[in-house]
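Please open the structure in a viewer and keep the selection tool at hand.

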Amino acid sequence: MDRTQLLLGLAVALFSLGLLGVIVRRNVLVMLMCMELMLNGVILSLVTFAQQTATTVGAVLVFLIFVVATAEIALAIPIVLLLVREKRTLDLAAYSDLKG
Amino acid sequence: MIETLLQSLDTLLLLLFGVCALVAAALMIVLRQPMRVAMALISTMVFLGGIYGLLGVHFIAAFQVLIYVGAVMVFMVYVIMLLEVRESEGRRYSGLLLPGLAGFVLLVGAIGVSVWRSLPPHHDSAGGAAFGISKFSISFLNDYWLHFELTSVLLLAAVVAALAVIRVSRRADEARRRG
C-alpha cells in the first residue's frame with residue numbers, strides 16, 4: 001500500500017468520523033469539536049496532495065483553512081454561550097424551537 | 001543500509017501516528033464528558049502534527065500545534081470549564097445513530113475504494129519533495145497576496161460579528177432586568 005493512499009485513507013476516516021459525530025452526538029460543544037475533526041481530515045488530505053505534487057498551493061489552502069477555523073470557533077463559541085445562558089443545557093434537543 | 005533503516009523507521013512512525021490519531025478520533029465519538037472529548041481531539045491534532053513533521057512540512061506542523069492546539073482548543077477547554085454544565089445522565093446519542101452509522105460506513109467505503117483504485121502506486125517513491133517556509137512565504141505573498149488580504153478581511157468580520165453577538169446578549173440582559 002502506497003504512503004499517499006494510506007494518508008488519504010486516514011484523511012477520509014477522520015472526516016467521516018467527524019461527520020458521524022456531528023450527526024450522532026447531542027452535545028453542542030462536542031458537535032463543534034467534531035466539525036474541527038472534519039477540518040483536520042481535509043487539512044491532512046491537502047497536505048498529502050501538496051506533498052505529492054510538490055506545489056505550495058496546498059499549503060496556502062491549509063493556511064486559509066486555519067484562519068477560517070479560528071474565525072469559526074471565535075464566532076460559534078459566543079453563540080453557544082448565549083444559547084446555554086438561555087436554555088441552561090448543552091443538549092441539542094432543547095434548541096429545537098430555533099427551527100423557525 | 002542506514003538509509004533503508006531510516007526509511008522504514010519513518011514509515012513505522014507514520015503508521016503509529018496514524019493509528020493513534022484514528023483511535024483518538026474514534027474515542028471522540030464514544031466518550032461522554034465534553035472535557036474528555038476535547039482531550040481526545042487535542043491528541044488527534046498533536047498526532048497529525050507529528051505526521052506533518054514526518055512528511056517534511058514542518059511549518060504546517062508548527063501551525064497545527066500553535067494555532068489549533070494552542071489557540072482553538074485552549075479556547076474550547078476554557079469554555080467547557082466556564083459553562084460547568086454537566087451532561088445529563090440521559091442518552092448520549094441522538095435518534096440518528098443507525099442512519100449516521102450507515103452513512104459513515106457508506107462514505108468510508110465509497111471514498112476509500114475510489115482512493116484505492118485511482119492513485120497510481122509508488123508515485124511518491126522519491127519521498128516527496130519537502131518545501132520549506134521560505135518557498136511557501138515567497139509564493140504566498142507574491143502569487144496569493146489577494147487571498148492573504150481577504151483572510152485579514154475575514155478575521156475583521158469575525159471580530160465585528162463576535163462583538164455584535166456580545167451586544168445582543170447585553171441587550172437581552174437589560175431587557176430581562178427591566179421586564
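Predicted model: local features only at pLDDT ≥ 70, side-chain atom pairs only at ≥ 80, totals over all residues.

Residues are numbered from 1 along each chain as its sequence is written, while chains are lettered from A and ligands numbered from 1 in the order in which they are written.

Select chains A and B together. Here 68 residues of chain B are in contact with 56 residues of chain A (C-beta atoms, placed from the backbone, within 7 Å). On the side of chain B that touches chain A, 49 residues are nonpolar, 14 polar and five charged (nonpolar: Ala, Val, Leu, Ile, Met, Phe, Trp, Tyr, Cys and Pro; charged: Asp, Glu, Lys and Arg; polar: the others, Gly among them).

Next, select helix 1 (residues 3–24) of chain A with helix 4 of chain B; their axes lie 9 Å apart, at an angle of about 165 degrees. Axes are lines fitted to C-alpha atoms over the stretch in contact, and angles run from 0 to 180 degrees between N-to-C directions. Helices are DSSP runs (H or I, at least four residues), numbered from the N terminus. The two helices are therefore roughly antiparallel (angles over 145 degrees). Among the residues that meet are Leu8(A) and Val12(A) in helix 1 of chain A, and Phe104(B) and Trp116(B) in helix 4 of chain B. This contact comprises 14 nonpolar, five polar and no charged residues.

Finally, select Arg88(A), in the segment after helix 3 (57–87) of chain A. Its phi is near 65 degrees, a positive value in a residue other than glycine. Most residues other than glycine have a negative phi. Arg88(A) is exposed, with 10 other C-beta atoms within 10 Å (exposed: 12 or fewer, with C-beta atoms placed from the backbone).

Conventions:
Contact = placed C-beta atoms within 7 Å. Parallel < 35°, antiparallel > 145°, perpendicular 65-115°, else oblique. Buried ≥ 20, exposed ≤ 12 C-beta atoms within 10 Å, placed from the backbone.
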